Amino acid sequence: FFLMIRRPPRSTPKPSSAASDVYKRQVSTQSTWDQLMKNSVIILLTVCLGIVLATNGVTLKTLVTDFSCFKQNRHVYAMVRAYLNHGQVDPNARETLKAAEKAKLLYQNAYLNPCVQCKFVPETQIEQVVKALEGIKYDTIWIMVQLMDRWTTNTTYNCQYVKKLIAHTKKLKQNAGVGSDAPAWEKIMGQDCIIEDNDVGIWWIKHDKEESFEHFKPFGGFTYPTIKEFDGPEHMCNQEVDRNFCNCQENHNLFTSTLI
């Protein structure tokens with residue numbers, strides 16, 4: 001015959017039994033372990049997410065053929081000047097962006113200093129940049145609205161000029177962005193100049209040495225920055241650079257490399 005001994009269910013142990021005490025200790029230990037594991041996972045995910053989302057990069061005005069030093073310094077994207085304000089493609093842009101691509105930077109961008117005083121129409125400047133960078137990968141063309149002496153005193157004219165640049169950039173299947181800050185925008189574009197296209201990002205120029213978007217105040221239709229240039233100029237890797245911070249993954253539509 002078989003002797004059947006039935007153990008009390010674990011979910012309802014007898015309060016006075018030794019097995020109950022052991023069970024309680026096991027449950028308590030397991031709960032503590034589970035909580036520790038959960039907290040560890042949360043911390044790990046937070047750290048990893050911060051590494052992925054928050055990245056540093058450099059603004060470049062000179063020729064760079066090797067980005068290994070920048071990568072060693074954890075600067076993994078580049079904002080490369082592609083157009084000069086006197087109406088000429090920057091001769092260093094193509095080779096610098098090619099080197100950035102070879103180095104497998106996370107992102108590479110081209111920026112344009114518009115030549116408002118030039119006789120040709122604004123659309124021509126975008127076409128010159130796109131043609132000069134043909135075959136090179138880059139994510140966005142950024143249009144700089146920064147120095148008052150490069151613009152007219154007519155804010156309405158300036159506003160329409162920038163909108164034409166943006167519209168033609170997108171017409172040529174490029175991502176478009178604007179580099180500026182609130183004081184410069186209001187002086188050059190006027191408070192009533194609003195960019196209504198939500199796909200146009202803002203590269204916030206604010207040299208306060210803070211890797212944060214905390215103090216950003218909306219302007220020009222821009223509600224939240226894509227990138228912030230927060231410091232510079234300074235010397236890094238034998239180059240004069242400005243330093244940038246971004247949550248690039250949050251603005252993935254502006255950071256999908258375009259190959260023309």
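Start at Phe 222. Set aside its neighbours within four places in sequence, and Phe 222 is in contact with Val 178, Trp 185, Ile 195, Val 200, Gly 201, Ile 202 and Phe 216. One caution: this is a predicted model.

Now, where does Phe 222 sit? It is among the residues with the most contacts inside the largest nonpolar core. As a general point, nonpolar side chains in soluble globular proteins tend to be buried together.

Next, helix 3, residues 93-102. Its buried residues are Ala 93, Thr 96, Leu 97, Ala 99 and Ala 100. Look down the axis of helix 3: the buried residues fall within an arc of 155 degrees, so they line one face. The background is simple. An α-helix has 3.6 residues a turn, so residues three or four places apart point the same way. After helix 3 comes Lys 104, and its phi is positive, near 60 degrees.

Now the whole chain. It holds six helices and eleven strands. Of its 260 residues, 43% are buried. Take the contacts with a separation of 6 or more: 69% of them join residues 24 or more positions apart. Accessible surface comes to about 14900 Å², and carbon and sulfur atoms account for 55% of that.

How values were computed. Residues numbered from 1 in each chain as written. Predicted model: local features only at pLDDT ≥ 70, side-chain atom pairs only at ≥ 80, totals over all residues. Heavy atoms only, no water. Core = buried A, V, L, I, M, F, W, Y, C linked by side-chain atoms within 4.5 Å. Buried < 20%, exposed > 50% of the residue type's maximum accessible area, 1.4 Å probe, protein only. Contact = heavy atoms within 4.5 Å. Helix = DSSP H or I, 4+ residues; strand = E, 2+ residues; numbered from the N terminus. Arc of directions from axis to C-beta. Areas by Shrake-Rupley, 256 points an atom, 1.4 Å probe, with all protein chains shown as cover.
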